[in-house]
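Please open the structure in a viewer and keep the sequence at hand.

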Amino acid sequence: MTIAGIAYTAAVVVATVFALAGVAKLRDPEGTATAFDAMGLPRPRTMALFVPLAELAVVALLLIVPSAGGVGALVTLAFFTVFLAGRLRAGMHTPCACFGSSRRDPLSWVAVARNVGLAVLAAAALGTDRPIRPTPPDLVVVLAPVALSVGALHLARRRGAPPAAPASGPGAPTR
C-alpha cells in the first residue's frame, strides 16, 4: 500500500464522477440549460457549455497530473457546494442538473454531502503528481469507503424522496 497509489485511485474515482457529469450535460445541452435556468444560474445556455467543459478539463488534469487535477476538483466542488447550499437555504428544491439529464433529483443536502465526499477524494489526489499503478490494497482503501458512501447516499436520497405518484391510465391497478 502506498500514498501515491491511494492518491491516484482517489483521483481516478473523482475523474470518473466528473466525466459522467460532464458528458451527461453535453449530451443534453438544452435540458442542462433549462435546469440551470430553474436554479437561477446567470446565462444558463453559456453555463450549460462551460460547466461540462470545465468538468472535463478537471478530468484530464486528474488523470495526467493528479495533484493539479485535485486542486481543480477542489475549486470546482467548492463552487458547486456553496451554490447548492445557498439554493437549499433559500428553500429551492428544483431538480438539479448535477449529472445532466441522467439525474433529475430535486436539490437536497444529499448533493452537498456527495460533494463533500468528492472533495475528500480530491484532497487525497494531492498525494501524487503523476499517474501510478495502484496496488490491490490501494484500491480497497479507496473503493471500499466509496462503495459504502454511495450506498449511504442512495439510501438517504430514497428516504428523502417524495412518494411516487399513483399510477393512472390503462393497466393501472384500481382500488
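**First stop: Thr-94**

Select Thr-94, which is placed in the loop between α4 (66–89) and β1 (98–101). Helices (H or I, at least four residues) and strands (E, at least two) are DSSP runs, numbered from the N terminus. The model is a predicted one, in which local features need pLDDT of at least 70 and side-chain atom pairs count only at pLDDT 80 or more, while totals for chains, interfaces and linings use all residues. Residues are numbered from 1 along each chain as its sequence is written, and side-chain values use heavy atoms, with hydrogens and water left out.

Is Thr-94 buried or exposed? Thr-94 counts as buried, at 16% relative accessibility; buried means under 20% relative accessible area, exposed over 50%, and partly exposed in between (1.4 Å probe, protein chains only). Next, display the surroundings of Thr-94. Apart from neighbours within four places in sequence, Thr-94 is in contact (heavy atoms within 4.5 Å) with Ala-38, Met-39, Asp-105, Pro-106 and Leu-107.

**Second stop: Glu-55 and Lys-25**

Now select Glu-55 together with Lys-25. These two residues form a salt bridge, with their closest N and O atoms 2.9 Å apart. Glu-55 belongs to helix α3 (residues 44–64) and Lys-25 to helix α1 (residues 3–27), so that the pair, 30 residues apart, links distant parts of the chain. A salt bridge is defined as a side-chain nitrogen of Lys or Arg within 4 Å of a carboxyl oxygen of Asp or Glu. Both partners count as buried: Glu-55 has 3% relative accessibility, and Lys-25 has 2%.

Proceed to Arg-45 and Glu-30, whose side chains meet in a salt bridge at 2.9 Å, N to O. Because Arg-45 lies in helix α3 and Glu-30 in helix α2 (residues 29–38), the pair ties together parts that are 15 residues apart in sequence. Arg-45 counts as exposed, at 55% relative accessibility, whereas Glu-30 is partly exposed, with a relative accessible area of 44%. By the rule given above, the count comes to two salt bridges.

**Last stop: the whole chain**

Finally, select the entire chain and colour it by secondary structure. Six helices and one strand are present, and their order along the sequence is α-α-α-α-β-α-α. Of the 175 residues, 37% count as buried. Among contacts in the chain with a separation of 6 or more, 75% are between residues 24 or more positions apart. The chain exposes about 9,900 Å², of which carbon and sulfur atoms supply 70%; accessible areas come from the Shrake-Rupley method with a 1.4 Å probe, and for residues only the protein chains shown count as cover.
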